[in-house]
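Hi everyone, thanks for making time today. I'd like to walk you through a structure that may be new to you, so let's bring it up on the screen.

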2 protein chains.
Amino acid sequence: MAPLADLYQLTMAYGHWRAGRAQAPAAAELFFRRGPFGGVLALAAGLAQGLRCLRAFRFSAADVAYLRSVLPSTTEDAFFDFLATLDASEVPFLQVKGPLLVVQLLETTLLCLVNYASLVATNAARFRLLAGPDVKLMEMGLRRAQGPDGALSASKYSYIGGFDSTSNILAGKLYGIPVRGTVAHSFIMSFTSLEEVQPRELSPLAGGQPVDLVALAVSWLQQVCELLQTPPEKVNQGELAAFVSYAITFPKDFQGLLDTYCVRRSGLPNFCAVALALHQLGYRAIGVRLDSGDLAQQSKEIRQVLRACGARFQVPWFETIPIAVSNDISEQSLEEFCREGSEIDMIGVGTNLVTCPLQPSLGCVYKLVEVNGSPCLKLTEDEEKMTIPGIKMIYRLYDAAGHPFMDLMALEEEASPSAGQELVVHVLGQLDEPSKVMPTTVEPLHRTYFRDGQVCEPLPSLPEVRSHAQVSLSQLSPAHRRLHEPQPYPVALTEKLHHLLTKLQQASQ
Amino acid sequence: MAPLADLYQLTMAYGHWRAGRAQAPAAAELFFRRGPFGGVLALAAGLAQGLRCLRAFRFSAADVAYLRSVLPSTTEDAFFDFLATLDASEVPFLQVKGPLLVVQLLETTLLCLVNYASLVATNAARFRLLAGPDVKLMEMGLRRAQGPDGALSASKYSYIGGFDSTSNILAGKLYGIPVRGTVAHSFIMSFTSLEEVQPRELSPLAGGQPVDLVALAVSWLQQVCELLQTPPEKVNQGELAAFVSYAITFPKDFQGLLDTYCVRRSGLPNFCAVALALHQLGYRAIGVRLDSGDLAQQSKEIRQVLRACGARFQVPWFETIPIAVSNDISEQSLEEFCREGSEIDMIGVGTNLVTCPLQPSLGCVYKLVEVNGSPCLKLTEDEEKMTIPGIKMIYRLYDAAGHPFMDLMALEEEASPSAGQELVVHVLGQLDEPSKVMPTTVEPLHRTYFRDGQVCEPLPSLPEVRSHAQVSLSQLSPAHRRLHEPQPYPVALTEKLHHLLTKLQQASQ
């Protein structure tokens, strides 16, 4: 894992080593300056991966040999010997304290592991907020992610953000995320006529003589076409063959992909015919899927047809057959479904979930805040790029309604703010005007997960992380939770920290 | 590698197997419908990774056990036994021919490997076209990519697209891409005073007594401040300490990161002082870097200062010190540099290269085109989602000036079009109006890289792929190569293929 870093971390490390500062106690913080996607909510993710990398942090002999070939030839041999002895046994995480050289080397690795994880978890949370709690959300971005590992991260962190399942088998196998699959267009297209259906017979659920499901479906199709007033000759025979074949293969899990040909004149009549044939043998179809066109509108038309069939043929469960949709689903699609009304029960999201096109990266940075007991400050012409010096504690302040209303940074040595106590704080963005707040509850946000080279607190399971995230999101006030033009969420400094910042700013000007 | 697929590929595979069609000869094509980023040029990448995955295509016992746990309980045991015997020994690539079940299973995996690879290679090529051939381009997106593997793909395919180097050490180690590193803000910030510089002495390049570089730099700083008319007390001492320390560490590779504090009043005077001190000992500084503010404007101001110092202190090479910039560089930044003029020699691109925010995914799809000798057609209400049936050859047609002007799809059994011969073709988007073209040269685009379970043609090295890509791009006519509103690049069908398409369309309506 060690060489997964930008080269300048190594040149910096050599600089520190040469200057005899390799072991100087140092602290860095990993943070972002602005919430992603224009919102104020963000889920922080990537801790477990980061810990795994800390535990494995070593330069192998091959790593050292490679570094020797790319660092300037003036680099001393003893530095490479030193690298081979390194491990991360003296460093914690997110707030990272330890020897300067190791704190430096971890920058890119940790950013790489936390940035995308948090971004896609937050993106998933936004989809969940828009979809509401009842619609099933499936992640299906494998083919659009940044390669296999990008896709696996997308599956894992989308699940944490509130998705119910993934299409990615490997993610299911590795992480235990529920996997779901439907029917592919290519399967439908691979059939052209009913002669290809093989085997053609299916036994009733309750047992008994196998029945020719092809013939049964064909006879149901007549009745369905009559009911729907659609010409039987417009029904695609290959599609019917594919549906029957799939139904014989998965009699308890039959579902129809409706839009390989015309939904109304072919896909839907074929589905209903096969589902009714199955019903006659005691089986229930489990769903339909749409992958093109106006999804909300079609879902309503499909529901009508399912209702009509259910009523006409006395199959009450027919009208509740779940309708799944996919096809470039975005936040905007979900807002449209909501506005127009829809009968959609399940939504598959791929590209717009995993690539986060509204903001394809989270701007997490990793900045040194203290070296050798002295707080550090980065003060550039870009005021946005300024850092807050010193090793800090962060507290989340809650109001009487249980909503968090402010995150407060304090110096490590300050006493924790107390619930019910008035505090003078300086809010980032308007630092010069102190304001007063009184929290009903105070929650310290930092926990130590890694110390002395060991993970020192058990990591929660994926479902636990997922439910923690949902609980945290539900605590946000509606004004902070809304996705468009949310009320800004203030981050503030204590008076003492503000004083330190001002002092250092003056000193370096 | 086998379970890196969407679950529905497995349910489809079971469907095929149950229907006795697992071994039916089938063909699929992997293609995109629209060039990325609004351009018509695109680099296809991901072949080597795809081949690696084909060679490794197997379901392990653990894979099969997992699949058994997620597929419906009605799935027959014999299917799982069959899965365990599968390999891809009967399948080629991009055009994929082989047993139906294997062709189906490969869909998501191949899409995952080709989509991002091609997207980021194309994105890199666009940056190269905008930057021109002389500016050095460095990829530095590790911290913003979709995790470690996304970052490695970004480094590899950016290099193919025309970048010169990467910051990612692991990419250098694994793929042999040149790695580059500069100086980090955190390194500068970790120093607060000159007392921290340790060791303080450096021997002249030609040998001789070590010199106190701190004292030497301080005395040069006086002269530089005088020349630049900037107050010495505004110069940050920590920054000067960091520069001196870095210079002692890397005397032959000294470079300055100028914007930790004020560029004009601190970073630049400090850099010049240390570089002049080094010069006195026989060493040359190798560059400066800027990471904030108006980069083009500052580069010009810096060049002026470097020129002034070079002239005043009679150090001619000073004025050619390379200026590197970074900070959220996008295509638009490069266009601005060009418009405003700049003195930039090297550009580091991270986020906007690896996340491709202009279009964060390439819409490659993978569609069945033939099963059991019968061409397949997907004909939906979305005309865009239609497929072109049949196993095809693709030819690139060149005009007399050597520019490609059309890609032509023909049925496999058709004879290759001949150079200098008039052809009747049907262009996608206006299929009903045949048109005539006469190519000066005809290039068949398909080559077979995988057959009988083996890679059957040697794969080019990364530098070979990179130069092939640059040659291909240079052959494009200026109208096709331009990035904004390029002339559309026509893709056409032969008369015979058009006839097949029309026949199948009529048959399925």
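Let's begin with chain A: of its 509 residues, 59% are buried. Please keep in mind as we go that this is a predicted model.

Staying with chain A, you can pick out 18 helices and 20 strands. If you draw a box around the C-alpha atoms along the principal axes, that box is roughly 85 × 55 × 40 Å. How does the chain connect up with itself? Taking contacts in chain A with a separation of 6 or more, 71% are between residues 24 or more positions apart.

Now let's turn to the partner, chain B. How many residues of chain A are in contact with chain B? There are 112, and they meet 112 residues of chain B. Between them, the two chains bury an area of about 9200 Å², with 60% given by carbon and sulfur atoms. On the chain A side, the residues that lose the most area to chain B are A:Arg143, A:Gln146 and A:Ile169, together 10% of what that side buries.

What about charges and polar groups? The rule finds 8 salt bridges across this interface. One to look at pairs A:Lys173 with B:Asp63, where the closest N and O atoms are 2.5 Å apart. There are also 34 residue pairs in polar contact between the two chains. Helix H1 of chain A, residues 7-18, supplies the largest share of the side touching chain B, with 10 residues. Sorted by class, that side has 50 nonpolar, 39 polar and 23 charged residues.

Methods:
Residues are numbered from 1 along each chain as its sequence is written. Chains are lettered from A and ligands numbered from 1 in the order in which they are written. This is a predicted model: local features need pLDDT of at least 70, side-chain atom pairs count only at pLDDT 80 or more; totals for chains, interfaces and linings use all residues. Side-chain values use heavy atoms; hydrogens and water are left out. Contact means heavy atoms within 4.5 Å. Buried area is the accessible area (1.4 Å probe) that two parts lose on being put together, summed over both. A salt bridge is a side-chain nitrogen of Lys or Arg within 4 Å of a carboxyl oxygen of Asp or Glu. A polar contact is a pair of N or O atoms within 3.5 Å; within protein, one must be able to donate a hydrogen and the other to accept it, and residues adjacent in sequence count only if both atoms are side-chain atoms. Helices (H or I, at least four residues) and strands (E, at least two) are DSSP runs, numbered from the N terminus. Ala, Val, Leu, Ile, Met, Phe, Trp, Tyr, Cys and Pro count as nonpolar, Asp, Glu, Lys and Arg as charged, and the others, Gly among them, as polar. Buried means under 20% relative accessible area, exposed over 50%, partly exposed in between (1.4 Å probe, protein chains only).
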